[in-house]
Amino acid sequence: MAKLHSSLPWQKIEEERSIVSHYRVQVNRFLSVLVCLLTIIPFSRSNQLDGLQFCAFGESECGSLSSTKLLIKGGTVVNAHHQEVADVYVEDGIIVSVQPNIKVGDDVSVVDATGKYVMPGGIDPHTHLGMEFMGTETIDDFFSGQAAALAGGTTMHIDFVIPVNGSLTAGFEAYTKKAKKSCMDYGFHMAITKWDEGVAREMEIMVQEKGINSFKFFLAYKGSLMISDELLLQALKKCKSLGALAMVHAENGDAVAEGQNRMIDLGITGPEGHALSRPPVLEGEATSRAIRMAGFLNVPLYVVHVMSIDAMEEIAKAQKSGQKVVGEPVVSGLVLDDSWLWNRDFTIAAKYVMSPPIRKSGHDKALQAALSRGVLQLVGTDHCTFNSTQKAFGIDDFRKIPNGVNGIEERMHLVWETMVESGQISVTDYVLITSTECARIFNIYPRKGAILPGSDADIIIFNPNSSFEITASSHHSRSDTNVYEGRKGKGKVEVTIAGGKVVWEGSALNVQPGSGKYIEMPPFSYLFDGIERVDATYLLSLNAPVHRIKAAT
Ligand code: URP
Ligand code: ZN
Ligand code: ZN
């Protein structure tokens, strides 16, 4: 577990700035840190977080740990479509100016980014923090999951609200409570698990009053979250009228149940049975079905955690025909293969159980290629962590292993290593797939996903010549395992700035529960542009109803 070292100086003070000012800043910072450290709230739930310390005051007091005025000097500023050497000046959490050689006064903290990339903080479109699932609750909540995210260069995530007994309002309230301890900005998607007039009305409230612009439909998890095709059709129509994005977990849940029974009948009860019971064909079928229904209704569709060539090819085919389908791979699908599930050690094998399953080698490379071609547009994590005790609920029956893997802290480094370092994409494309495209799809660009005047100051400083290494002993998740254990690579997020404050520097985290903001996301993103025209063309093409002359009787 990484330790907090926030009393160490984190910024290089420019030589020409006065020595007196320098010492004043350091003394103030030292005193603030001392006061905060003396009042640390003990975090009792986990040993993993014992080393992670955070300020126990309200934001205004501990905010003095970081200046509200910040200059990031001399880095290569990278946006999704452009990069240039420039300074970035930040005041009160907002980017004020991006241009070369910005001059500032003594009251501004300066971070030297020479030789490094200055990029928008990552936005993870797919997480589950504090989620109750499969008889247990994820080990990472909104604080530990977000602390881990910040340590890995992600400054915003969008989590899935699960309704309470089908009620969206109760689900929203429950998640609002869970998210009170947030230390970075977040938004919500909402799952739909049942259908009636009340749910349809609640969808309107979520979009028009609560800042939610996306709904997720599970075509898997029979008996819990899974919905029928009939419900999906009704809800897709509702999404279209509200300008909300429909998202699907695409696996055929009925066939998965059949596959699971088959494995149990064959005496296959271990984690390998998980992958064998839900092969790629079931993901391909459900992806195709959801795409065709969305096409039939002319509504944009977002396919979450695309794990197989089968699903990816359905998306590519639909896009070629002009349909608006977004494909989201997750880090585990891009960099892992299913061989781990056959490991003889249950604890190791079980940590790789997620749905849809991590696929055979070959799917990973095909998904990477699809990402570099733009068939898949943005990378999520599906961060949904259970520790080895929780995973052991399924020691005798793979169907009881809680589904989910980590990734919120590792995503930025692994995507860099796999996609940029390997030469598959450019640095600007890296920004696109880790941040900007997510902001565009969920309609919060350029507030998020950009380094532009007026954007939120969620920024990372990335050193391409440094290196990273992933281990459960040093990560910030509460989980005792990590599916990327031992991975090393080039490139390192050296500084994370969230809301204009330095929250991660070197290996020191300075995070405050309650400092994260809920980001409302308005409906009718760019994906809805032109929808009406397509509808009009369709109506014209019908050449119907035919007005027939009724024969006289
Ligand atoms: O295994 C997974 N993916 N767990 C999280 C729930 C989901 O399906 O996204
Ligand atoms: Zn899912
Ligand atoms: Zn998920």
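Helix H15 buries Arg411, Met412, His413, Leu414, Val415, Trp416, Thr418, Met419 and Val420. That makes nine of the ten residues in this helix, which spans residues 411–420, so call it mostly covered; here buried means under 20% relative accessible area, exposed over 50% and partly exposed in between, with a 1.4 Å probe and protein chains only. Helices (H or I, at least four residues) and strands (E, at least two) are DSSP runs numbered from the N terminus.

One thing to keep in mind: this is a predicted model, in which local features need pLDDT of at least 70 and side-chain atom pairs count only at pLDDT 80 or more, while totals for chains, interfaces and linings use all residues. Residues are numbered from 1 along each chain as its sequence is written, chains are lettered from A and ligands numbered from 1 in the order in which they are written, and side-chain values use heavy atoms, leaving out hydrogens and water.

Back in H15, Met419 has 0% relative accessibility and therefore counts as buried. What does Met419 touch, leaving aside its neighbours within four places in sequence? Its partners are Gln368, Leu371, Ser372, Gln424 and Ile425, where contact means heavy atoms within 4.5 Å. Leu371 is 48 residues away in sequence, with 8.8 Å between the two C-alpha atoms.

Zooming out, the protein chain has 17 helices and 18 strands. Of its 553 residues, 60% are buried. Among contacts with a separation of 6 or more, 77% come from residues 24 or more positions apart.

Now for the rings. The structure holds 18 aromatic pairs; rings of Phe, Tyr and Trp (its six-membered ring) pair if their centres lie within 6.5 Å, and planes under 30 degrees apart count as stacked, over 60 as edge-to-face and the rest as tilted.

| Pair | Centre to centre | Angle between planes | Type |
|---|---|---|---|
| Phe142 and Tyr186 | 5.8 Å | 70 degrees | edge-to-face |
| Phe142 and Phe188 | 6.4 Å | 90 degrees | edge-to-face |

Both pairs link distant parts of the chain. Phe142 is in helix H3 (residues 142–151) and Tyr186 in strand E10 (residues 185–191), 44 residues apart; Phe188 is also in E10, 46 residues from Phe142. Phe142 is buried at a relative accessible area of 1%, Tyr186 is buried at 7%, and Phe188 is buried too. Ring pairs join Phe142, Phe172, Tyr175, Tyr186, Phe188 and Tyr518 into a cluster.

Elsewhere, the charged end of Arg440 sits over the ring of Tyr526, at 4.1 Å from its centre. The test for such a charge is NZ of Lys or CZ of Arg within 6 Å of the ring centre and within 35 degrees of the ring normal.

Finally, a helix pair. The axes of H5 (residues 197–209) and H6 (residues 229–242) come within 11 Å and cross at roughly 30 degrees; axes are lines fitted to C-alpha atoms, for helices over the stretch in contact, with angles from 0 to 180 degrees between N-to-C directions. On the H5 side, Ala200, Met203, Glu204, Val207 and Gln208 meet Ala235, Lys238, Cys239 and Leu242 of H6.
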